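Me: I am new to this structure and would be grateful for a guided discussion of it. Could we proceed by question and answer?

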Amino acid sequence: FVAVLNPPQAAILAVGAAQETPVALDGRVEIRPLMNMTLSCDHRTIDGATAADFLRTVKTFLEEPGLAL
């Protein structure tokens, strides 16, 4: 889904359910859990590059939880 901002929110993260999805890896197909995340931002308060960096960090912590320690 797409999250809709309600003032005075600056950003909101929408997180979908993880689903088993076929993924091509090294010339073969594997089933991997994939999850969609969407970040809606008010660009008056948050720069798009900063928002992208935040999503990249969340992705990294979800893939490697030990890094958050």
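**A guided discussion**

Me: Which residue of strand 3 is the bridge partner of T21?
Reply: The model under discussion is predicted. Strand 2 covers residues 19-25 and strand 3 covers residues 28-34, and the two run antiparallel. Within this pairing, the residue of strand 3 that bridges to T21 is R32.

Me: Which residue of strand 3 is the bridge partner of Q19?
Reply: Q19 belongs to strand 2, whose residues are 19-25, and strand 3 ends the pairing range at residues 28-34. The partner of Q19 in strand 3 is L34.

Me: How many bridges join strand 2 to strand 3?
Reply: The pairs T21 with R32 and Q19 with L34 have been named above. For the antiparallel pairing of strand 2 with strand 3, the number of bridges is seven.

Me: Which residue in the turn of this hairpin has a positive phi?
Reply: Strand 2 and strand 3 form a hairpin with two residues between them. The residue in question lies in the loop between these strands, and its phi is near 50°, a positive value in a residue other than glycine. The residue is D26.

Me: Is D26 buried or exposed?
Reply: D26 is found in the loop between strand 2 and strand 3. Exposed means over 50% relative accessible area. Because its relative accessibility is 75%, D26 counts as exposed.

Me: How many of the seven residues of strand 2 are buried?
Reply: A residue is buried when its relative accessible area is under 20%. Strand 2 lies largely in the open, because the number of its seven residues that are buried is zero.

Me: In what order do the elements run from the N terminus?
Reply: The protein has four strands and one helix. From the N terminus on, their order is β-β-β-β-α.

Me: What percentage of the residues of the protein count as buried?
Reply: The protein exposes about 5500 Å², of which carbon and sulfur atoms supply 59%. Of its 69 residues, the share that count as buried is 13%.

Me: With which residues is Q9 in contact, leaving aside its neighbours within four places in sequence?
Reply: Q9 lies in the segment before strand 1. At 33% relative accessibility, Q9 counts as partly exposed. Its C-alpha atom is separated by 39 Å from that of L25, which is 16 residues away along the chain. Beyond the excluded neighbours, Q9 is in contact with V4 and D42.

Me: How many Å apart in space are V2 and A52, C-alpha to C-alpha?
Reply: V2 is placed in the segment before strand 1, and its relative accessibility of 62% makes V2 exposed. V2 and A52 are 50 residues apart in sequence. Their C-alpha separation in space is 16 Å.

Definitions and conventions: Residues are numbered from 1 along each chain as its sequence is written. This is a predicted model: local features need pLDDT of at least 70, side-chain atom pairs count only at pLDDT 80 or more; totals for chains, interfaces and linings use all residues. Side-chain values use heavy atoms; hydrogens and water are left out. Buried means under 20% relative accessible area, exposed over 50%, partly exposed in between (1.4 Å probe, protein chains only). Accessible areas come from the Shrake-Rupley method with a 1.4 Å probe; for residues, only the protein chains shown count as cover. Two strands pair if DSSP finds at least two bridges between them. Contact means heavy atoms within 4.5 Å.
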